[in-house]
Amino acid sequence: MYGGGYIFDEPNKRQLKEEQLHDDPVKLAEFEARIARGEKIEPGDWMPSEYRRQLIRLIEQHAHSEIIGALPEGTWITRAPGFKRKLALIAKVQDEIGHGQLLYNAAETLGKSREAMINDLLSGKSKYSNVFNYPAETWADVTVIGFLIDAAAIVNQVANAKGSYGPYCRALERICYEESFHLKQGHDAFIELATGTPAQKQMLQDALNRWWQPIMHFFGPPDKASVHSQKLMEWKVKMASNDDMRNQFLDMYVPKIRELGMTLPDPELKKDETTGKWSYTDPDWDLFKKVINGGGPCNAERLQVRQWAEEHGRWVRKALMNPNAAKVAPVA
Ligand code: BYC
């Protein structure tokens, strides 16, 4: 188990209980009026316990996705082709970990400790994005992640940065700036392979074929099957539905992929120019459920790496919490 002596569990558990007692209709109406006026909700403000619970769930999952998301690309740092790509990849992976840090901080403002969040990740109780449970088999996989997964994340984050919870929105704004650079480096690497030798182009096409379905899954189940969307959209935590975000992504990126001569492994993928809606073959939602519930190709490996990091980083956390204990006695 994770252990580093992190802050504020007990007082926040008490606060949460008090709030549940005071979840009365008048306060709820005031809260919803604030949301309707487009005000930001801040950590000290009254909020319904379900709003708090939902935000913790969503921000925590997002934070876990950032730190687990660093792993598939991280394995390619030593093998990135050339100095320029290596430098860019190191910086990107470092940024992703920083995003995790920002998001854990935002979730902590709602009363769940870092320690509890990490424990829930390691025990498999908390989810993280489906896409990071697949291996990055070749450099082209890293390229597809850098271009298209970062692009998908930006679609989601730019929308939700305009949402109602102040700390999450501010974290998302900062993250979006950095993700835009990630997308540029991913797009640049993508163009290089797409316009390279036949072998490079084929490697990219194979990676695109492997990643297309996980990317379609990334935005979550179709609206009709989404569990949380309705309430989260009422409370302006989610600013667009899963299907709307998926559609927005297709609209922006399918043309960019096709203009480079690459194809997508879905014969049904096309836009209706009158409605602006894309139609596509429904991705395999049973597979999605399996992957997000621990049964994907890399779930066990990803959690093992995090477990190792928690165990081997324990002494660092201890030293940070109690710097005096780590001081070496001065030599006389
Ligand atoms: N993966 O009611 P629904 C990055 C779960 S990292 C896993 O529609 P919701 C990057 C969902 O949690 C950024 N699980 O859910 C890093 C729920 O299960 P629970 C990643 C998923 O929350 C490194 C159930 O399915 N971005 O960019 O309304 C390198 C029902 O779904 C997924 C984020 O994390 C999924 N894809 O909407 C490169 C964004 N989809 O909790 C890049 C933050 C659904 O009831 N998250 N589930 O057990 C969100 O915006 C929302 O959670 C979602 C889903 C739109 C993903």
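Select Phe-249 to begin. Leaving aside neighbours within four places in sequence, Phe-249 is in contact (heavy atoms within 4.5 Å) with Leu-148, Ala-151, Ala-152, Val-155, Trp-212, Ile-215, Phe-219 and Val-254. This is a predicted model, in which local features need pLDDT of at least 70 and side-chain atom pairs count only at pLDDT 80 or more, while totals for chains, interfaces and linings use all residues. Residues are numbered from 1 along each chain as its sequence is written, and side-chain values use heavy atoms, with hydrogens and water left out.

Next, display the largest nonpolar core, which has 82 residues; Tyr-51 and Phe-249 have the most contacts inside it. Such a core is a set of buried Ala, Val, Leu, Ile, Met, Phe, Trp, Tyr and Cys residues joined through side-chain atoms within 4.5 Å; buried means under 20% relative accessible area, with a 1.4 Å probe and protein chains only. Helix H6 (139-160) gives the most to this core, with 14 residues. Helices are DSSP runs (H or I) of at least four residues, numbered from the N terminus.

Now select helix H8 (residues 198-218) and helix H10 (residues 242-258), whose axes come within 12 Å and cross at roughly 160°. H8 is therefore roughly antiparallel to H10, a term for angles over 145 degrees. Axes are lines fitted to C-alpha atoms, for helices over the stretch in contact, and angles run from 0 to 180 degrees between N-to-C directions. Here Leu-208, Trp-212, Ile-215 and Met-216 in H8 meet Arg-246, Phe-249, Leu-250, Val-254 and Ile-257 in H10.

Finally, select Arg-306 in helix H12 (residues 299-312). Arg-306 counts as buried because its relative accessibility is 15%.

Methods
Helix = DSSP H or I, 4+ residues; strand = E, 2+ residues; numbered from the N terminus. Parallel < 35°, antiparallel > 145°, perpendicular 65-115°, else oblique. Buried < 20%, exposed > 50% of the residue type's maximum accessible area, 1.4 Å probe, protein only.
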